[in-house]
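We will go from stop to stop, selecting a few residues each time.

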Amino acid sequence: MYVLRKTPSRGFAFTLIELLVVISIIALLIAILLPALGAARRSAQDSSCKSNVKQLGLAIANYAADNRDGLPDSGSNGLGGDLAGFLDDQTGQDWGKGIWVCPSHVDFKQGVYTSSYGYNWQYLLAPVRNPPKAYPHVYPNGPYKLIGLDYSRVKRPTEIMSFMDHGVPDGGPEALFAYVMRPGDPARPAGFGVPQLRHSNDKGNAVFVDGHADSIGTEHIDPLNEDKYWDPFK
């Protein structure tokens, strides 16, 4: 009597070569998709940053509407946060949180830094005559206890920046307020930022005195262009 034996079947098993082919295809797809995903993430961060500075522009406009057309003063509201704290009523945001933080500002220190965005304080705070102070203002003669310009005094409000991406200078003290130093000022006082182009293609974001937000590039932070993008009287 013969006993029939079943021949072993491969079934759905994969050979080593087939597995290697599948792994190679997966790796290729990942290599193709990762740059696209990174670009999408950077684009989303850029859009979020633009939204932040746009809201800061609206806060400035609301402040001016409530203060006889005056741009923001320099001081804090008494609760900390310098200019960021001074605009609490208009932003509804605590300093160092929410719209004050750029999603691309990877080294932002919560609870230490005030804002990812610096105000053009050296030009947008009114020159003081009694006693006279240098204009554009220089540290330590400001920004504290200086008042904002009247909006009507700003020439070319569509070109003059108010808030822009900024950060701690290279090698600077680990502090960051809501004030940025103009490009032509070599001073690097603690807590005062310098313009940063931290988004794709060496771009930054800014809101202009008229309230519109836009990308900025190296031309906006070139000391040779201060008259065009920073000085409201030119």
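The tour below visits a helix residue, a cysteine pair, a strand and some charged pairs.

Before we start, note that this is a predicted model, in which local features need pLDDT of at least 70 and side-chain atom pairs count only at pLDDT 80 or more, while totals for chains, interfaces and linings use all residues. Residues are numbered from 1 along each chain as its sequence is written, and side-chain values use heavy atoms, with hydrogens and water left out.

**Stop one: a helix residue**

Select N52, which you will find in helix α1, residues 16-66. Helices here are DSSP runs of H or I with at least four residues, strands are runs of E with at least two, and both are numbered from the N terminus. Is N52 buried or exposed? N52 is buried, at a relative accessible area of 6%. The word buried stands for under 20% relative accessible area, exposed for over 50%, and partly exposed for what lies in between, using a 1.4 Å probe and protein chains only.

Leaving aside neighbours within four places in sequence, N52 is in contact (heavy atoms within 4.5 Å) with residues including G98, I99 and P103.

Next, pick C49 and C102. C49 is buried at 0% relative accessible area, and C102 is buried at 1%.

**Stop three: strand β4**

Select residues 191-195, strand β4: five of its five residues are buried. Strand β2 (residues 161-167) is joined to β4 by two bridges and runs antiparallel to it; look for H166 opposite P195. Strand β3 (residues 176-180) is also joined to β4 by two bridges, but this pair runs parallel. Here L176 has G191 as its bridge partner. Two strands pair if DSSP finds at least two bridges between them.

**Stop four: charged pairs**

How many salt bridges does the structure hold? There are five, each with a side-chain nitrogen of Lys or Arg within 4 Å of a carboxyl oxygen of Asp or Glu.

Begin with K109 and E174, whose closest N and O atoms are 3.1 Å apart. K109 sits in the loop between α3 (88-91) and β1 (117-119) and E174 in the loop between β2 and β3, so the pair ties together parts 65 residues apart in sequence. K109 is partly exposed at 35%, as is E174 at 47%.

Then select R198 and D165, which meet in a salt bridge at 3.0 Å, N to O. R198 lies in the loop between β4 and β5 (204-208) and D165 in strand β2, 33 residues apart. R198 counts as buried at 17% relative accessibility, and D165 counts as buried at 0%.

Finish with E159 and R156, a salt bridge with its closest N and O atoms 3.4 Å apart.
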